[in-house]
Amino acid sequence: MPTIHYREITYSGLNEAEVIDEQCTFDLTHFAQVSGQSPEWILQLIEYDILSTSGQPQQYRFSGTDVIRARRAYRLQRDFDASLSAVSVMLDLIDEVHQLRRQIRSNQA
């Protein structure tokens with residue numbers, strides 16, 4: 001059964017909803033469009049290990065969770081005027097915090 005994430009974000013009185021199907025895959029061009037960025041920027045994310053994929057650019061396949069990660073990378077870069085190296089570290093730390101919170105919740109249950 002596919003997992004679909006729904007997230008609603010409210011800020012400055014504006015609501016933004018995001019629905020991502022983890023089972024959906026995209027090629028580089030379509031992924032860039034869905035992410036709202038250029039293919040060149042997506043290739044930079046791969047170069048900095050923010051996104052992981054294998055093969056040649058024509059063969060790259062991205063998932064719905066990659067869309068979430070790319071959008072998060074863009075927001076971090078924009079909001080903090082951060083380099084992609086810094087964004088990579090920030091994302092790793094965010095992932096670590098989420099993992100630790102999941103462990104704490106499972107230990108409490």
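Aspartate 92 is partly exposed in this predicted model, where its relative accessible area is 43%. Its side chain meets that of arginine 69 in a salt bridge, with 3.7 Å from N to O. Aspartate 92 belongs to helix α4 (residues 84-108) and arginine 69 to helix α3 (residues 64-80), so this pair ties together parts of the chain that are 23 residues apart in sequence. In contrast to aspartate 92, which is partly exposed, arginine 69 counts as buried, at 16% relative accessibility. The cut-off for a buried residue is a relative accessible area under 20%, so the value of 16% places arginine 69 in that class.

Arginine 69 also takes part in a salt bridge with aspartate 95, and here the N to O distance is 2.8 Å. Aspartate 95 lies in helix α4, while arginine 69 lies in helix α3, so the pair ties together parts that are 26 residues apart in sequence. Aspartate 95 is partly exposed, with a relative accessible area of 31%. Taken together, Arg69, Asp92 and Asp95 are linked in a network of salt bridges.

A search of the whole structure finds 3 salt bridges. Besides the pairs that arginine 69 forms with aspartate 92 and with aspartate 95, arginine 78 forms a salt bridge with aspartate 79. The closest N and O atoms of arginine 78 and aspartate 79 are 2.8 Å apart. Arginine 78 is partly exposed, and its relative accessible area is 46%.

In α1, the buried residues are Leu28, Phe31, Ala32 and Ser35. Seen down the axis of α1, these buried residues fall within an arc of 100 degrees, so they line one face of the helix. An α-helix has 3.6 residues a turn, so residues three or four places apart point the same way. The cover over the buried residues of α1 includes β3 (25-26), α2, β4 (62-63) and α3. Following α1 is glycine 36, whose phi is positive, near 80 degrees.

In α4, Leu84, Val87, Ser88 and Leu91 are buried. The buried residues of α4 pack against α2 and α3. Helix α4 has 25 residues, which at 1.5 Å a residue should span 36 Å. The C-alpha atoms at the ends of α4 are 36 Å apart, in agreement with that expectation.

Aromatic rings were treated separately. The structure holds 4 aromatic pairs. One of them joins tryptophan 41 and tyrosine 74 in an edge-to-face arrangement, with 6.1 Å from centre to centre and 80 degrees between the planes. Tryptophan 41 lies in helix α2 and tyrosine 74 in helix α3, so this pair ties together parts that are 33 residues apart in sequence. Tryptophan 41 is buried, with a relative accessible area of 10%, whereas tyrosine 74 counts as partly exposed at 31% relative accessibility. For tyrosine 60 and phenylalanine 62, the ring centres are 6.1 Å apart and the planes stand at 80 degrees, so this pair is edge-to-face. Both tyrosine 60 and phenylalanine 62 are buried. Ring pairs link Phe26, Phe31, Tyr60 and Phe62 into a cluster.

Note on methods:
Residues are numbered from 1 along each chain as its sequence is written. This is a predicted model: local features need pLDDT of at least 70, side-chain atom pairs count only at pLDDT 80 or more; totals for chains, interfaces and linings use all residues. Side-chain values use heavy atoms; hydrogens and water are left out. A salt bridge is a side-chain nitrogen of Lys or Arg within 4 Å of a carboxyl oxygen of Asp or Glu. Helices (H or I, at least four residues) and strands (E, at least two) are DSSP runs, numbered from the N terminus. Buried means under 20% relative accessible area, exposed over 50%, partly exposed in between (1.4 Å probe, protein chains only). The expected span of a helix is 1.5 Å times one less than its number of residues. Contact means heavy atoms within 4.5 Å. The arc is that of the directions from the helix axis to the C-beta atoms. Rings of Phe, Tyr and Trp (its six-membered ring) pair if their centres lie within 6.5 Å; planes under 30 degrees apart count as stacked, over 60 as edge-to-face and the rest as tilted.
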